[in-house]
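Subject: Structure handover

Hi,

Here is the structure for your files. My notes follow below it.

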Amino acid sequence: MKRYFGRKLSIYLLTFFLAVTIDWMIPRFMPGDPIQNMLSRAALNANAAEVLYTYYAHAFELDLPIWQQYLNFWYALFHGDLGISTYLFPTPVTKVLMDAVPYDLFLLIPAILLSWFAGNKFGAFAARTKRLDNTVLPVGYILTATPYMWLGILLAWAFGIVLGVFPISGAYSYTMAPYLSWTFIGSVLKHWFLPFASLFLVFFGGWAIGMRNMIIYELEADYSHYLEALGAPRKLVRKYAFRNAVLPQITGLALQLGVIVTGNIVVEVVFSYPGIGYLILAAIQNQDYFLIQGCFLFLIIGILLANFVIDIAYVLVDPRTRRGMTGETA
Amino acid sequence: MKKRKKKNEFLYFALRNNKLRIGLIVVLFFLVLAAVGPMLTDYAPRAYVGPAAQPPSSEYWFGTTTFGQDVFTQFVYGLFPAFLVGIVGGGLGTLIGMLVGFIAGYRGGLVDEFLNVVTNVILVIPAFALLLIIAAYLTVRGFVVESVFIGLTAWPWTARAIRAQTFSLSSRDFVDLARLSGMKPRKIIFTEIAPNMMSYLVMAFILQFGGAILIATTLDFIGLGPTTGISLGLMMQYAVLWGALPLGMWWWFVPPGAAIAAIVGALYVMNVGLDEVFNPKLREM
Amino acid sequence: MSLKVEDLTVYYQTLKGDVQALESATFTVADGEIMGLAGESGCGKTTLANSLILLKAPMRFIEGRVTLDDEELPVWDMEEMNHFRFNKISVIPQYAMNAMNPTRKIGRMTADLLESRQVSFKKTLPELKRRLDLVELSHDVLKMYPIELSGGMKQRTVMVLSTLMNPSLLIADEITSALDVSTQKAVAGMLVEFRNRECCNSAIVITHDISILYQIADSIMIMYAGQLAEKASTDAIIHSPRHPYTKLLIASLPKVGVKHAENRLRGIPGSPPLLLDPPIGCRFRERCPVAFEKCLEEPPFIEIEKGHFVACWKEFEKNAQA
């Protein structure tokens, strides 16, 4: 087990290192001059522009040698300093991100957990009969193929505009300020529901299909046949098949995190939900490089952490890893 | 004699498999539409051709946008980039994945360990975040660049699958025989292992194709797509940006998303069908 | 009579048509008898075994009647058969090495199985431990995962599990095929022990290794291409076989002490027919050295001597003349 965690940790650390490096590298090696970009938006006369250029170059440390910039970046990172946002000047990037993260977690965690559980149960259920299978499977595939944003837009339109039941933007009503009251909580939930539903539905499709395939595979395994030969009721056979089929689904969850994060970003954009996804869009549109960098870092850290949590969960669930045999392949 | 029989067997089942047939028909339909569509319309995608915000009518089949552009024109012009990204991005992803997977699976040892680490690292970093950062800094972007980037980040899935398959195949007897007889490794890979992997490669390509389309649409939607031209993702972005939702202009955002869901869905269904064709255990009785 | 099988016919459904894997099998297994079932790969041995205990798709029941201890076994009905499985009829499968759930401790799995069949695990535990001792397995096995056991240990565990309820008929499918010679001897010996201690009443031992059967079986039944060829006491089969196929089979076995230079090993030229479209009449006809026109008609499985059954027109002829 130590070996298992050791390997995982080293990969995560390597990835983190790489991610931070890329994050730092890209703005500096891209064509074009970010400062020039920034300045060209402001209508300045030539002299003022020059003065401001040297000012910003110094402020962003672009006048230092490359390696020093790199080291400074790491240093600042460990001090929780991700720079100052230009779009939301003068708020530090870290604060902007920390304000947005709760909304992401509020959307993501229920969406991931519920869709995973429900999807797996449903997939196992669908594998029972041929007829059920034939009707359920296409639905699952269509759901997985649906682009997140489109589902979000459809839901927003159908329930928000046409039926007028749910609001389609913001985290809570614009007329309210955060306050612990039932009306506020109600408003929060109302604004939360549609983005949550968009994410849930698409994820659900994917899990259902995966589980259905795994269950069929497990039901055809030798141990299932042996149980049947010894007269075990179908319930027991299915129970064993389900427990074995769930294991790769856990690993699958870790692998899907990138996709899930993407979906989250998109859905937030559609519903103007103030999470990191929405911030990214705003940052891009306003060319706030520090904010973009910060968002990227946060995403990476979040994903690495989630991966780690899932690895721990896997060890707890698959007895083979605890006994020193690796339960996962590759 | 045996190889010929195998090919015919696959063709026999392939032509009869419902999922494969339906999926293929849907994809081909859109492909034809992409090719022929521009000829069905007199307008240019971004031209202002008529009254704004019109619902579908006999004159404007898919209605008009808030600027009076013809939605149908945008739609058919936007189909082509989807296929372009699918082929270039998906193809590149499959190619890289195939190479990495083959080499890692066949060589084993240190080479495998190293490639494994690379694959895992790229897997963990969400491709999208990477594309985000890169695209944000490029001021001019085209479809081809977008496709290439997608291909460069989407290959780990295929690499893993191909590697696992290569592993299991290279330990089989007929490969050992080839090795014993002194065949060069490269020849072994191409003549003994690859034909057995054709099914995996085809399926991997289909998945990459669909995946590439989805990623490209997402990028376009956020505003990181190509700076010129029109695509289905861009259509949806404009729709949301310019108030199609509160104005209830469903004809603007429903068709592009529906087309993508249909194409990608059809591809996934085709994939399941292919799996049944290649894997006799799954075939319906 | 312990087991009585009449005209059992089972086909496999495939997209290309029905594979006629088992054709009109009729035989009996007496109380306490260990009957060996031998034949080439693909002759229908496992099909026969599965027909008796786990007849499910793609197998299709065509016709026949199976009676165990004067009770009819509804082999075509998966649900109804559950009543008989494990208690009356049990199997040690060909895939015994993989027969246990890899993610469940063996003791836990056994408890689950027993409880699901309304048998108290607690009450059965002492007997279970006694059986483990019988096969020389430590009680710790119950606390382990299948992956922690060797092939031979897994085999013995499955043997104990399958016979836990003292079934009337035990079917042992290729239980020695994957083992080394010394373990083979031990396992074969255990099977006889089980029968002697009444852990099972009678047994059908399926194998392609006739030498094992010579050691432990009371009688041997030979199958060819889905049809029964011959059944007789072990002695009769080995020393005085009647069916041409059996004769050639016995002759092709290498004998200890005989050198190749003195006596070349003989095989049977040709290969078994495909059962998708089997030849009419006796299916051994095309490879048989003594076939004649009557062989175009399917020979019945008849008792030509006491306890000696054969399906061969030539032998019937000889018998008639004698």
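Helices (H or I, at least four residues) and strands (E, at least two) are DSSP runs, numbered from the N terminus. Axes are lines fitted to C-alpha atoms, for helices over the stretch in contact, and angles run from 0 to 180 degrees between N-to-C directions. This is a predicted model, where local features need pLDDT of at least 70, side-chain atom pairs count only at pLDDT 80 or more, and totals for chains, interfaces and linings use all residues. Residues are numbered from 1 along each chain as its sequence is written, while chains are lettered from A and ligands numbered from 1 in the order in which they are written.

**Chain A: a helix pair**

Helix α5 (residues 93-126) of chain A packs against helix α10 (residues 234-271) of chain A. The angle is about 145 degrees, and the axes lie 11 Å apart. Contact here means C-beta atoms, placed from the backbone, within 7 Å. From α5(A), the contact residues include A:Asp104, A:Leu107, A:Trp116 and A:Asn120. From α10(A), they include A:Phe242, A:Gln249, A:Ile260 and A:Asn264. By class, this contact has nine nonpolar, three polar and one charged residues. For the classes, Ala, Val, Leu, Ile, Met, Phe, Trp, Tyr, Cys and Pro are nonpolar; Asp, Glu, Lys and Arg are charged; the others, Gly among them, are polar.

**Chain B against chain A**

The contact takes 42 residues from chain B and 44 from chain A. On the chain B side, several helices each supply at least two residues, among them α4 (109-124), α9 (185-222) and α11 (250-278). The largest share, nine residues, comes from α11(B). The side of chain B that touches chain A divides into 31 nonpolar, nine polar and two charged residues.

**Chain C: overall**

Chain C has 10 helices and 12 strands. Its C-alpha trace spans about 65 × 50 × 40 Å along the principal axes. Of the 322 residues of chain C, 43% count as buried (20 or more other C-beta atoms within 10 Å of the residue's own, with C-beta atoms placed from the backbone). Among contacts in chain C between residues at least 6 apart in sequence, 63% join residues at least 24 apart.

**Chain C: strands**

Strands pair if DSSP finds at least two bridges between them. An open sheet of eight strands runs β6-β7-β8-β3-β9-β10-β12-β11 in chain C, with mixed pairing. Its edge strands are β6 (89-92) and β11 (302-305) of chain C. Neighbouring strands of this sheet are turned by 25 degrees against each other on average, direction ignored. Helix α5 (residues 151-162) of chain C packs on the sheet, touching β6 and β7 (169-173) of chain C. The direction of α5(C) makes about 175 degrees with that of β6(C).

Within the sheet, six bridges join β9 (residues 219-224) of chain C to β10 (residues 227-233) of chain C, antiparallel. C:Ser219 has C:Ser233 as its bridge partner in β10(C).

Also in chain C, β1 (residues 3-14) and β4 (residues 59-68) run antiparallel, joined by eight bridges. There, C:Glu6 partners C:Arg65 of β4(C). β4(C) also pairs with β5 (residues 71-72) of chain C, antiparallel, over two bridges. In that hairpin, two residues lie between the strands, and C:Asp69 takes a positive phi near 50 degrees.

Best wishes

Notes
Two residues are in contact if their C-beta atoms, placed from the backbone, lie within 7 Å. A residue is buried if 20 or more other C-beta atoms lie within 10 Å of its own, exposed if 12 or fewer, and partly exposed in between; C-beta atoms are placed from the backbone.
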